[in-house]
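Have a look at the sequence and structure first.

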Amino acid sequence: MRFFSFSGFRLRARHIARHIQKYASAGIAGGAAIALFFLAPTLIHQRKDVAYGPHPRHRLDLCAPVLHSARTPAVLLIHGGGWVGGEKDGLAELCHYFAEKGILAASVEYRLADGRNENRWPAQLVDVQLAVRWLRTNAYELGIDPYHICAYGNSAGGHLATWLLIEQSIRPGDYAGELQAVSPEISCAITNSGPVDFSMLPPSFDSVLSLLAPLECKGSRECTVAELSPLASINKTLASPLLISHGRHDELVPIEQATKLLAALEHFHSAVSFINYDGAHEFLETSSSVQRKVLALQLDFIKHGNAR
């Protein structure tokens with residue numbers, strides 16, 4: 001496990017000073033609560049509203065480097081919004097950023113919980129797994145390495161990215177039959193401020209849980225919490241590495257969620273890196289310099305499977 005702690009302009013870890021210098025001019029993620037501070041003037045290819053499945057929410061935007069090979073890594077960007085809101089356009093700047101850094105990025109939309117049975121959990125996981133399978137199926141056309149697909153999520157999106165790493169087989173659901181011969185496995189995941197233990201969520205989340213609650217839970221909060229919590233499903237060494245990124249002053253999803261996930265992964269000897277920084281939920285109240293350093297580490301993680 002690699003541990004990085006940001007405090008103002010300070011970053012403590014082995015060889016980290018060299019890493020920061022290397023990426024001193026790196027950009028910063030875009031998203032619900034992240035502002036992009038730097039974009040290199042590099043051309044990229046864009047395709048918007050590409051269908052990855054039959055549902056109207058099964059759409060993604062592609063951002064690809066102009067010059068890339070068949071071994072180009074890919075990353076699936078998963079927006080936040082509390083499972084009831086958000087859209088792929090919220091990650092447009094992050095999509096551009098990764099493409100300019102040589103990675104094909106796909107910003108995905110998925111079904112939002114609205115109380116209708118078909119949109120209850122695990123609909124959201126079923127959808128993002130299908131998006132991974134679509135990327136792998138179309139790897140040749142897209143010019144990507146089908147064995148180097150990562151997931152990157154903010155908040156609720158981080159929750160889904162973590163689930164993608166844990167769930168190595170296709171989760172049963174209404175669209176599980178689409179591209180069913182293709183694996184949903186990913187090669188790495190990044191969770192930014194993502195909840196993993198729903199028993200720790202405050203009562204203010206109860207209305208969201210009621211919309212997400214799987215039918216088989218029959219309204220039981222205990223059952224819903226168990227079904228939605230990735231932490232409850234970690235019972236073995238994960239096949240691929242995870243990077244946890246979390247603000248120390250996050251009041252919406254306290255950092256204790258991240259440290260519990262870290263402890264569980266270490267217990268089973270999974271590959272995990274952990275970044276904590278001065279800031280709140282999804283980089284709120286975080287300096288631009290710290291944000292740039294965090295994104296530089298995340299970029300390296302996607303390319304190499306670790307935050308070196």
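## Q124 and its surroundings

The side chain of Q124 reaches over to the backbone oxygen of R111, at 3.2 Å. That's a polar contact (a pair of N or O atoms within 3.5 Å; within protein, one must be able to donate a hydrogen and the other to accept it, and residues adjacent in sequence count only if both atoms are side-chain atoms). Q124 sits in helix α3; helices (H or I, at least four residues) and strands (E, at least two) are DSSP runs, numbered from the N terminus. Q124 counts as buried because its relative accessibility is 0%, where buried means under 20% relative accessible area, exposed over 50% and partly exposed in between (1.4 Å probe, protein chains only).

Setting aside neighbours within four places in sequence, Q124 is in contact with Y110, R111, L112, A113, N119, L160 and L212. Contact here means heavy atoms within 4.5 Å.

## What you're looking at

This is a predicted model: local features need pLDDT of at least 70, side-chain atom pairs count only at pLDDT 80 or more, and totals for chains, interfaces and linings use all residues. Residues are numbered from 1 along each chain as its sequence is written, and side-chain values use heavy atoms, with hydrogens and water left out.

## The aromatic pairs

There are four aromatic pairs in the structure. Rings of Phe, Tyr and Trp (its six-membered ring) pair if their centres lie within 6.5 Å; planes under 30 degrees apart count as stacked, over 60 as edge-to-face and the rest as tilted. F98 and Y152 have ring centres 5.7 Å apart and planes at 70°, so they make an edge-to-face pair. F98 belongs to helix α2 (residues 92-100) and Y152 to strand β7 (residues 144-154), so this pair ties together parts 54 residues apart in sequence. F98 and Y152 are both buried, and together with Y97 they form one aromatic cluster.

W121 and W163 make a tilted pair, 5.9 Å centre to centre with 45° between the planes. W121 is in the loop between β6 (104-108) and α3 (123-137), while W163 is in helix α5 (residues 156-166), so the pair links parts 42 residues apart in sequence. Both tryptophans, W121 and W163, are buried.

## The chain overall

The protein chain has nine helices and 10 strands. Of its 308 residues, 58% count as buried. Among contacts between residues at least 6 apart in sequence, 75% join residues at least 24 apart.
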